Amino acid sequence: TSREEVILKKSPENIGIGIDIVEVKRFRTKNYKKNKNFYEKIFSKSEIDYCLKFKDPYTHFAGKFGIKESVIKSIQDKIHFLDITSSYSKNRPIVKLGRKISKKYYFQVSVTHEREYAVAVVISHKISD
């Protein structure tokens, strides 16, 4: 059996869901070059580098912010923005957690963004305490 099959067999209280919608304008009005400290309090260096490689990085910042908010809403543990890192594997968003809870959860993530809004949905599966 796969890791996912084992997780899904656990009780329903170990599954959480989070959703977030972000107005891209919130980031577009905070120019990265003039507000680096703001971005560094929310995003890891790898996340910032990823977003900045796009013509319009602010839609991607909004998407990543939505993912982080969705993770926070989907889990039972208290966690900070910088403890959550999103990246991509096989063209799909993935989430990794830092610190002590890195092995406690498995995530399914979806994110979409348009010019004005980004939306993220996260389903968390608690693996262990």
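In the predicted model, R28 is partly exposed, with a relative accessibility of 29%. Its side chain meets that of D56 in a salt bridge, with an N to O distance of 2.5 Å. The pair links distant parts of the chain: R28 sits in helix α2 (residues 25–28), and D56 in the loop between α4 (45–52) and α5 (57–74), 28 residues apart. D56 is partly exposed, at 22% relative accessibility.

The whole structure holds six salt bridges. Another of them joins E47 and K68, whose closest N and O atoms are 3.0 Å apart. E47 belongs to helix α4 and K68 to helix α5, so this pair ties together parts 21 residues apart in sequence. Both E47 and K68 are buried. K104 forms a salt bridge with D77, the closest N and O atoms being 3.0 Å apart. K104 lies in the loop between β3 (92–97) and β4 (105–113), and D77 in the loop between α5 and β2, so parts 27 residues apart in sequence are tied together. K104 counts as buried because its relative accessibility, 11%, is under 20%.

S86 lies in strand β2 (residues 84–89). S86 is buried, with a relative accessible area of 3%. Its side chain makes a polar contact of 2.9 Å with that of K64. Beyond neighbours within four places in sequence, S86 contacts E47, K64, I67, I94 and V95.

The protein has five helices and five strands, in the order α-β-α-α-α-α-β-β-β-β. Of its 129 residues, 40% count as buried. Among contacts with a separation of 6 or more, 59% join residues 24 or more positions apart.

Definitions and conventions: Residues numbered from 1 in each chain as written. Predicted model: local features only at pLDDT ≥ 70, side-chain atom pairs only at ≥ 80, totals over all residues. Heavy atoms only, no water. Helix = DSSP H or I, 4+ residues; strand = E, 2+ residues; numbered from the N terminus. Buried < 20%, exposed > 50% of the residue type's maximum accessible area, 1.4 Å probe, protein only. Polar contact = N/O pair within 3.5 Å; in protein donor to acceptor, adjacent residues only side chain to side chain. Contact = heavy atoms within 4.5 Å. Salt bridge = Lys/Arg side-chain N within 4 Å of Asp/Glu carboxyl O.
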